[in-house]
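User: Hi! Could you walk me through this model?
Analyst: Happy to. Here it is.
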Amino acid sequence: MSFTLLARKYRGTIIQSRVSPISRSATILTFALMAIGLVSSIATKFTLTSLPNIMWLVVYVVVLDVLSQFAPQTRIVEAVRTLLYGVLYLVITILCGVLAAYAIQRFAFPLQDQFLARVDLAVGLNWSDFAHWVDRHAVIQRVLHFAYDTLKAQIALPLVVLAFSNRISEVRVYLLAFAIAFIATIVVSALMPAAGPIVFVDRSTFNILQFTGATPLDHLSRLREAGPLILNEAPGGIATFPSFHATIAILTPLMLRGYPRILIPLLFLNAAMLVGTVTEGAHYFCDVLAGSCMALFAYALATRIIRIEDRSSQYYAQRPVGDPMPSSCCP
């Protein structure tokens, strides 16, 4: 049997068995994010020394992927491969995003705290009154603090659940939606930087709230200073508007809405996370609203992009070898 006939017979099987959980669009976005971070760092003479070296993580994932080829090709093995590359993608994207977020802040656009505070007051929401109310209720504060600190777990949860459910297309949607929302948050927060409502109040008037998730004001002030800067401390969440905690609080249940046993408790947890973002993270109410809208936008856009990519992949997998490209594909 000729090579052409073999390729025609097994092409679909080969492609389907190794569908990447990382879409082309997601890969391009992460490279773009990396480029933004590097260019901004060079342009502003900024160095962030505390980012971890993930080379060993890359090596481990590649080695485990190679070893998995010798195991029986079951759904569990495929799920593990999807999980490995999904985690690697998230780690790389987050690290690139941290560098970009810090480096872009060096351009020191005007702070928008007065504007964001006025938006809250315009809709009848007063951050100080609400934060002091939470500060007087220890049980509520502990619940909000716990929910707020589940961010990392909630980023990983859709990847784990969808990977082991063998829903590769939905994994691709999630990773792309995460990248879209993450990059958009970094760009918007750089163009509309803010220190957060904590700058308007005296922290000593709070008995319980520590605002550990608030924008690190010392980092923000140093980033906005002129001249070269080498930052050795561990980075924090430098984005105020929109809130990425709020984005994850909406995106995670949105991705897992087909799993009622997970979704119901997740909705309660993420309702607490949204509220905790205001107090524990010291965010304006409009930050939370903007972050929630960001999740819906990113999910809708990612879903559309992945559908287009999947249709394109299926067409090329099913097209007989040697068939000419249709005129619509080649301008």
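User: Thanks! Where is the place of Thr279?
Analyst: Thr279 sits in helix 12. Helices here are DSSP runs of H or I with at least four residues, strands are E runs of at least two, and both are numbered from the N terminus. Before we go on: this is a predicted model, where local features need pLDDT of at least 70 and side-chain atom pairs count only at pLDDT 80 or more, while totals for chains, interfaces and linings use all residues. Residues are numbered from 1 along each chain as its sequence is written, and side-chain values use heavy atoms, leaving out hydrogens and water.
User: Okay. Is Thr279 buried or exposed?
Analyst: Thr279 is buried, with a relative accessible area of 0%. Buried means under 20%, exposed over 50%, and partly exposed in between, using a 1.4 Å probe and protein chains only.
User: What is Thr279 in contact with?
Analyst: Leaving aside neighbours within four places in sequence, Thr279 contacts Phe130, Ala131, Val134, Leu144, Leu209 and Phe211. A contact is heavy atoms within 4.5 Å.
User: And where is His283 found?
Analyst: His283 is in the loop between helix 12 (260-279) and helix 13 (285-318). His283 counts as buried because its relative accessible area is 6%. Beyond residues up to four places away in sequence, His283 touches Trp127, Pro197, Ala239, Thr240, Ser243, Thr277 and Val278.
User: Switching topic: how many residues has the largest nonpolar core?
Analyst: That core has 55 residues, and Phe46, Tyr174 and Phe178 have the most contacts inside it. Helix 9 (residues 168-191) gives the most to this core, 15 residues. A nonpolar core is a set of buried Ala, Val, Leu, Ile, Met, Phe, Trp, Tyr and Cys residues joined through side-chain atoms within 4.5 Å. There is also a second, separate core of 19 residues, including Ile198, Phe206, Ala214 and Met273.
User: Which aromatic cluster does Tyr174 form, and with which residues?
Analyst: Tyr174, Phe178, Phe182 and Phe244 form one aromatic cluster. Across the whole structure, a search finds 10 aromatic pairs. Rings of Phe, Tyr and Trp (its six-membered ring) pair if their centres lie within 6.5 Å; planes under 30 degrees apart count as stacked, over 60 as edge-to-face and the rest as tilted.
User: Last one: what is the mean pLDDT of the protein chain?
Analyst: The mean is 87, and 89% of the residues reach 70 or more; pLDDT is the predictor's confidence in each residue, from 0 to 100.
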